[in-house]
Amino acid sequence: MLKIQYKYRKWDKEVKESTKNKGIDLQHKNIQTKIDLYLNPEQFKNEFIYNFRIHDSASFYAQLSLSYFILSGNKYMLENDACASIGYLYLYIKAMAKSYELEASGVVITNPAIRNTRSQKRELEQISFAAAAIGRFEIFEKYADGIGCELIKAMYHNDYDKARQLAEELPNTEEMYEKYKQFESYYYGSCYMKDLYLSILNSDEKAFNDALIRRLKNVRTGYVMPIDIVSISMIRFAKNVGLECKFDAIEIPKALCADDLFIDEEKYKLPDVT
């Protein structure tokens, strides 16, 4: 089996920088500012931020979701608070699902950046992996579209015949890593997952662990990823066929891989602005 260090040099540097910049306090402040700016924009009329106010509820929840996602990573990386990290990851998924629900009901997305991202379906696999990682894929399932999301859906529901059919259509993983190694550091797309999916479907534990390690090594060439929701999802899928992850890596908190994952849904609630 391949080897990987539990933690790498960039991690400590990122922790130091985020602590210096008060990353957690900053995200809490950002969340409250986004809520206040949407609900009471006039109080910011004389401030520069007024020019960036959100005009529709679908864009509001999509924008809010990003802060929840960042806060989820910061809670784990800076405070080792896995419970809070899970809670904010849950809010990230809920906020995105709410945004898609509102858009489907007729709300027009007026924010150009969000509209562009939505039209290209670039975020769907990331959201789907996050939902699968915490065992709440049902929250976003109806909005998950494309081969990557269909694969996640098939694996989540143990539909292995369909999963194999879809996985075989994916490009070669190593070729994709080599082609795009300086382009997509986070590797959420299914085009990077063929070796992982097939190792699980073939019940090959060594191949699974090697593929997971190769993924993490490639991810580590980019920005620091506090929590690797793809690896956590894959570990969950692998458990369902009797495979185990045989190594530890700081991006894969054990608490998030637990079978009895608990989310305090009373504590972690979306603001209602509709």
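I'll start with the lining of the second largest pocket: ten nonpolar residues, no polar ones and three charged. Here Ala, Val, Leu, Ile, Met, Phe, Trp, Tyr, Cys and Pro count as nonpolar, Asp, Glu, Lys and Arg as charged, and the others, Gly among them, as polar.

Some ground rules. This is a predicted model, where local features need pLDDT of at least 70, side-chain atom pairs count only at pLDDT 80 or more, and totals for chains, interfaces and linings use all residues. Residues are numbered from 1 along each chain as its sequence is written, and side-chain values use heavy atoms, leaving out hydrogens and water.

Back to the pocket. Its volume is about 220 Å³. A pocket is an open set of points on a 1 Å grid over the protein atoms alone, where a 1.4 Å probe fits, with protein on both sides within 12 Å along at least five of seven lines; lining residues have an atom within 4 Å of a point. The volume is the space filled by probe spheres set on the points, which are joined across faces, edges and corners. Of the 13 lining residues, Phe247, Asp248, Ile252, Pro253 and Lys254 are closest to the centre. Helices α12 (229-239) and α13 (254-257) each supply at least two lining residues. Helices are DSSP runs of H or I, at least four residues, numbered from the N terminus.

Now, what does α12 pack with? Helix α10, residues 194-201, at an angle of about 20 degrees, with the axes 9 Å apart. Axes are lines fitted to C-alpha atoms over the stretch in contact, and angles run from 0 to 180 degrees between N-to-C directions. So α10 is roughly parallel to α12, the term for angles under 35 degrees. Leu196, Tyr197 and Ile200 of α10 meet Met234, Phe237 and Ala238 of α12; contact means heavy atoms within 4.5 Å. By class, that is six nonpolar, no polar and no charged.

Helix α10 also packs with α8, residues 160-168. Their axes come within 10 Å and cross at roughly 145 degrees. From α8 come Tyr160, Ala163, Arg164, Ala167 and Glu168; from α10, Lys194, Tyr197, Leu198 and Leu201. Which classes do we see here? Six nonpolar, no polar and three charged residues.

Note Tyr197: α10 uses that residue in its contact with α12 and in its contact with α8. That's my tour; over to you.

Note on methods. Parallel < 35°, antiparallel > 145°, perpendicular 65-115°, else oblique.
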